[in-house]
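I opened a new notebook page for this protein. I wrote down each thing I looked up, one entry at a time.

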Amino acid sequence: MKSILVILQSTAKSPIARLALGAVESEAARRNLTVTVITDERNPAAILRGQSVQPDAVIVATAHKPEAAEFGLPSSTVSLAHLSRETAQVFNQLVPETAAIGAPASQTKFLVGVTSCPTGIAHTFMAAEALLRAAKALGYEMKVETRGSVGAKNELTEEEIARADAVVVAADATVETTRFAGKRLLETGTKAAIKDGEGLIKEALALEAPTASSAKSGLKSPPRKSRTGAYKHLMTGVSHMLPLIVAGGLLIALSFAIGGVYAGDEEGTLGWALMQIGGASAFALFIPVLAGYIAYSIADRPGLTPGLIGGMLAVQIGSGFLGGLAAGFLAGYLALWLNRTIQLPDSLEGLKPVLILPLLSSLIVGLSMIYVIGPPVKVILETMSAWLGNMQEGSALTLGLILGGMMAFDMGGPVNKAAYTFSIGLLATEIYGPMAAVMAAGMVPPLACAIAANIARDRFTKEEREASKATAVLGISFITEGAIPYAAADPLRVIPCTVLGAAVTGAMSMYFGCELVVPHGGVFVLLIPNAINHVLPYLGAIVAGTAVSTLALCIVKRPVSTKSESVVGSPTAA
């Protein structure tokens, strides 16, 4: 069999379509087959008729329930998820392994990977796609499991893990790795995978193979430095806390829309009920969940109980999110130390996880929060809240400039997440101005890059211009990571330009006194009454900052030579 036509019935920028594309290209490279991939939502028969060269077989993958189609030649119709997950099986239906030309499968390296980020929206899938493309370029086969906002997709099986020559875990949040015991294991962040997928794969394969003793004991290769430390633990807590804040904030906004700003005072009304769900329940839980999962990231399950208890005490004492952060890290490192220090006979070992560790760690954390940590942190939080609540125009502008610039500085990295986490924490103290500034500023980089790519077309590659529509959608959805491809291609020009515009937006939002009660959703949350208090000035701030960044990009970006342009949009051949 000479060639296969693969039709992905989805949009080109759909995460599952991109995963399927990477899986297909990797499988085709492994088998040394010629594969043409077309991402198009039109009728597959019409696409086939439009091909100048008739393929030997057709694979159709759809986002919906697949329906068999007749093409007059060997074909297979599957879902996109199935094609991504069981690529080899789908190919075997049309091209058995023995019929593939090239090196035997036993001579081809096979890797598995896992990607995850705190929000599970952008970096997770970008890292997965980068690893799949890197594996294909190196002539290897790879399967990547994505742990996004809706759970695990393309999950790895025990057979695939056993077969793997190496494992790459690119994650900014905690990922369980005990299932990879005995394998070459490289742990890193999503940005490293996006930037240098080939380098990570080579590094993973170059790791020393675990010995039989280390495999038996469950030891794994030392993690990379970028995956350890406070940032990783903080992001694990934020990723579990974020859904509570989004749901609670939207419910509070709906409560205001139905019953006004005093909806929570009229017991028995729908507005009061929504306020109970969003404000009294969801918002009451997010600090304990933050603290609990910070501790979980540090100490695994032994850290969860003292972390949750410490977070709840932070709420009751009034030390807010700062107290929650302190409780989470204290609980995590304390539980980790106790777990390693306390040694019991085998007959009593079962008491440690269910009795001894929870009791001792909760007791120490609880007493520390009540008598040592809670009171001074409460004073710090009250002082900061009073300052933020009584800021003069100059102070508001300065804070907005700083927060806005931080959001665009590394587009989803530690600096961006620091500004975002700071603003989220203030929601618990009913200070909503920084949240508005942060979300507005976070929309600027992708929007500016998308607009500039269509205005100064000679200064962007064809690939960047083609991607601008999807980038704009990511921008209005408050997914700052949409600008990463542009920044990665020309960081010394793109990053300063986007920081400039984002800082302008943040400053204007704070100056106008804009307040936002929900932490995510982009411009779409503006459709909810009372989600933002000054809609027109808020939109004006976003437009102004985007215009500043767009103008700066058009001025400082250099023309792209024709030879360096990447051609996309046409069928991808492997």
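At what angle do helix α1 and helix α5 pack? I looked this up first. The model is a predicted one. Helix α1 covers residues 15–31 and helix α5 covers residues 123–138. Their axes lie 8 Å apart, and the angle is about 15 degrees. Angles under 35 degrees count as roughly parallel, so α1 and α5 are roughly parallel to each other. I noted the crossing of α1 and α5 as left-handed.

Next I listed who makes this contact. From α1 I found Pro15, Arg18, Leu19, Leu21, Gly22, Ala23, Glu25, Ser26 and Ala29. From α5 I found Phe125, Met126, Ala128, Glu129, Leu132, Arg133 and Lys136. I then sorted the residues of the α1 and α5 contact by class: nine are nonpolar, two polar and five charged.

Entry on the whole protein. I counted 22 helices and 10 strands. The protein has 574 residues, and buried ones make up 50% of them. It exposes about 25,200 Å², with carbon and sulfur atoms supplying 60% of that area. I also looked at contacts with a separation of 6 or more. Residues 24 or more positions apart account for 73% of those.

Entry on α12 and α13. Helix α12 spans residues 301–317, and helix α13 spans residues 320–341. Their axes come within 8 Å and cross at roughly 155 degrees. An angle over 145 degrees counts as roughly antiparallel, so α12 is roughly antiparallel to α13. The crossing of α12 and α13 is right-handed.

Which residues of α12 and α13 meet? On the α12 side I wrote down Pro302, Gly303, Pro306, Gly307, Gly310, Gly311 and Ala314. On the α13 side they meet Gly320, Gly323, Gly324, Ala327, Ala331, Ala335 and Asn339. By class, the contact of α12 with α13 has six nonpolar residues, eight polar ones and no charged ones.

I stayed with α13 and looked up α10, residues 230–259. The axes of α10 and α13 come within 11 Å and cross at roughly 115 degrees. This crossing of α10 and α13 is right-handed. Ala230, His233 and Leu234 of α10 make the contact with Leu325, Phe329 and Tyr333 of α13. In the contact of α10 with α13, five residues are nonpolar, one is polar and none is charged.

Entry on backbone angles. Most residues other than glycine have a negative phi. I found Asp300 with a phi near 65 degrees, a positive value in a residue other than glycine. Asp300 sits in the loop between α11 (270–299) and α12. Is Asp300 buried or partly exposed? Its relative accessible area is 35%, so Asp300 is partly exposed.

Phe478 also went on the page. Its phi is near 60 degrees, a positive value in a residue other than glycine. I located Phe478 in the loop between α19 (468–476) and α20 (484–489). Phe478 has a relative accessible area of 5% and is buried.

Entry on single residues. I went to Val289 in helix α11. Val289 is buried, with a relative accessible area of 15%. What does Val289 touch, leaving out residues up to four places away in sequence? I listed His240, Met241, Leu244 and Leu308. Met241 is 48 residues from Val289 along the chain, yet their C-alpha atoms are separated by 5.8 Å.

Then I checked Ala547 in helix α22, residues 535–556. Ala547 has a relative accessible area of 44% and is partly exposed. The C-alpha atoms of Ala547 and Ala448 are 7.0 Å apart, while 99 residues separate the two along the chain.

Is Lys557 buried or exposed? Buried means under 20% relative accessible area. Lys557 has 6%, so it counts as buried. Apart from residues up to four places away in sequence, Lys557 touches Arg459, Phe460, Asp490, Arg493 and Val494.

Notes: Residues numbered from 1 in each chain as written. Predicted model: local features only at pLDDT ≥ 70, side-chain atom pairs only at ≥ 80, totals over all residues. Heavy atoms only, no water. Axes fitted to C-alpha atoms, helices over the stretch in contact; angles between N-to-C directions. Helix = DSSP H or I, 4+ residues; strand = E, 2+ residues; numbered from the N terminus. Parallel < 35°, antiparallel > 145°, perpendicular 65-115°, else oblique. Left-handed = near helix turned anticlockwise from the far one by under 90°. Contact = heavy atoms within 4.5 Å. Nonpolar A, V, L, I, M, F, W, Y, C, P; charged D, E, K, R; others polar. Buried < 20%, exposed > 50% of the residue type's maximum accessible area, 1.4 Å probe, protein only. Areas by Shrake-Rupley, 256 points an atom, 1.4 Å probe, with all protein chains shown as cover.
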